[in-house]
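I opened the structure today to learn how it is put together. These are my notes in the order I took them.

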Amino acid sequence: MRVFLGNSPWSKPGLYGVRAGSRWPHFERCGDPYMPFPFYLAYATAVLEKAGHDVLLLDGIAERISDDTFFERMQHFKPDLVLLEVSTPSIGKDLGDARRVKETLGKSVPIVFAGPYIEMYRSGFLEAQQDVDFVLMGEYEYTLRDLVEAYSTGKSWLGIAGLIGRGSSGQVVVGERRPLIENLDELPWPARHHLPMASYHDCPGGIPCPSLQMWASRGCPYKCIFCAWPQIMYHGSRYRVRNPKDVVDEIEHCVREYGIQSLYFDDDTFNIGKKRILEICDELKSRRLGLPWAVMARADTADLEMLQAMKGAGLQSIKYGVESASQKLVDACGKALDLKKVEQIVKHTRNLGINFHLTFTFGLPGETRETIRQTIRYAKKLSPDSIQFSIVTPFPGSAYFDMLDKQGFLLSKDWTQYDGSNQAVIRTENLSKEQLEEGLRMAYREWDRHKFWRTFRQGKYLKKGMLHPVKALRYIRRHLGA
């Protein structure tokens, strides 16, 4: 059977959308290099190919192609079934794409939606959206395989776990949630041969390109109320890991096949389970790949020995989520993070010469103008190499979305506004939308000033012991708005 899997183009003037591969779908400025790898699409493609099906995977966003080109290539492939990965902020565009698929290929070709949009898991979605035939819930590699097998053999799809479909009489049938894949090592490696590997870019700390993005685990055992991804894709907090040897086998293969020069572990939380992390480090060192790498991690699941081992195996950069300087706010959002441990681990990270990136978000329960100022001061005190401030965006499917909805603090359910970036779609008990947005602007203004004086103190604007006037003036104009 011929199956088309797609991440369709998604953009607006001056911006391009990031959908498949991102836990926080949003828009980026045109010219920015960031591009996540579409893990689920690539794994699902590999599973179908292993089952003997003819598959085309097309990442229209990474290839920076037009809608017309995307649909022309789909039509040329002549698929028997089409899967599109969708998201909350792009769902309007995604539904338009479904209509165009039907117009292009004919109404007999089934269209399947998958991805982190919780609203389509309800029967009312398919009742209202006649251009969509099936919805896959959560992890979808095996659900898609079973659906394709049913179509290719003429069997009924009823009873396939993880599947929502429209029956012969038009009624919507919602299947049971499919159990998670417990043995991740049974999955074939992602089908990267379909994709523009040089286009994927997530390089914390300036790790060199081309860089490989990969997963060594799935899931997160923590319960942050603002995070929808584990609830939608994993329907819980179950954490599963891959065998360290298989992880490094995949890395070694990609070095040979694609000439990668660095590696980024984009796990939900990479550094859980010290023994496993040390084994990955030992494998990397024993293969002598010499790759600099980076990870998404938690500060409180690291210790000095783990950081030393990762540094010795080539770790160059690490991302830590901190969220707030207020322990009360951190506790209230379910992150279960000890800020004193954060300071200790940040100190170890800096002393080992590992670049570190910190993330903070405004708008958690209990946020006030003072806690925002406290977080800004804390960020400057920790002084990371790079930083991200944001306004919390409670995607539907997160506990925070439900909480705010009940409180009447959701200001919009126009999903196109849920960009996770500059605009607030919420208020809190203490702060208005405008105050949250001003808090974000203030944070970046303060950070830019901090960066300038930090750089000045490091002597980078000195020339023979004196301030280099041209460099300093350029920096002030660029970053401080002078």
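I began with a β-α-β unit: E17, helix H12 (residues 369-382) and E18 form one, and its hand is right. I note here that the model is a predicted one.

I then looked up the partners of E17. Strand E16 (residues 315-323) pairs with E17 in the parallel sense, over six bridges. E17 and strand E18 (residues 386-391) also run parallel, joined by six bridges.

Is strand E17 mostly covered or mostly open? I found strand E17 (residues 355-362) mostly covered, with seven of its eight residues buried.

Next I turned to the nonpolar core. The largest one has 151 residues, and Tyr-320 is one of those that touch the most other members, along with Leu-5, Phe-113, Phe-265, Trp-293 and Met-310. Helix H1 (residues 39-50) gives the most to this core, namely eight residues.

I picked Phe-113 and listed its contacts, leaving aside neighbours within four places in sequence. Among them are Leu-84, Val-86, Ile-91, Met-120, Phe-125, Phe-134 and Leu-136, and Asp-94 is also included.

I went on to another sheet entry. In which order do the seven strands of the open sheet lie? I read the order as E5-E1-E6-E7-E8-E9-E10, with mixed pairing. Strand E5 (54-59) and strand E10 (172-174) are the edge strands, each pairing on one side only. On average, neighbouring strands in this sheet are turned by 15° against each other, direction ignored.

Gly-165 has Val-173 in E10 as its bridge partner.

I then checked two helices against the sheet. Helix H5 (residues 141-153) packs on it and touches E1, E6, strand E7 (111-114), strand E8 (134-136) and E9. The direction of H5 makes about 165° with that of E6. Helix H2 (residues 67-77) lies across strand E1 (2-7), E5 and strand E6 (81-85), and runs at about 170° to E1.

I stayed with H5 for the last entry. H5 has 13 residues and reaches 19 Å from first C-alpha to last, close to the expected 18 Å. Its buried residues are Glu-141, Tyr-142, Thr-143, Leu-144, Leu-147, Val-148 and Ala-150. Just after H5, I found Gly-154 with a positive phi of about 75°.

How values were computed:
Residues numbered from 1 in each chain as written. Predicted model: local features only at pLDDT ≥ 70, side-chain atom pairs only at ≥ 80, totals over all residues. Heavy atoms only, no water. Core = buried A, V, L, I, M, F, W, Y, C linked by side-chain atoms within 4.5 Å. Buried < 20%, exposed > 50% of the residue type's maximum accessible area, 1.4 Å probe, protein only. Helix = DSSP H or I, 4+ residues; strand = E, 2+ residues; numbered from the N terminus. Contact = heavy atoms within 4.5 Å. Pairing = 2+ DSSP bridges. Axes fitted to C-alpha atoms, helices over the stretch in contact; angles between N-to-C directions. Expected span 1.5 Å × (residues − 1). Right-handed = clockwise from strand over helix to strand, strands pointing away.
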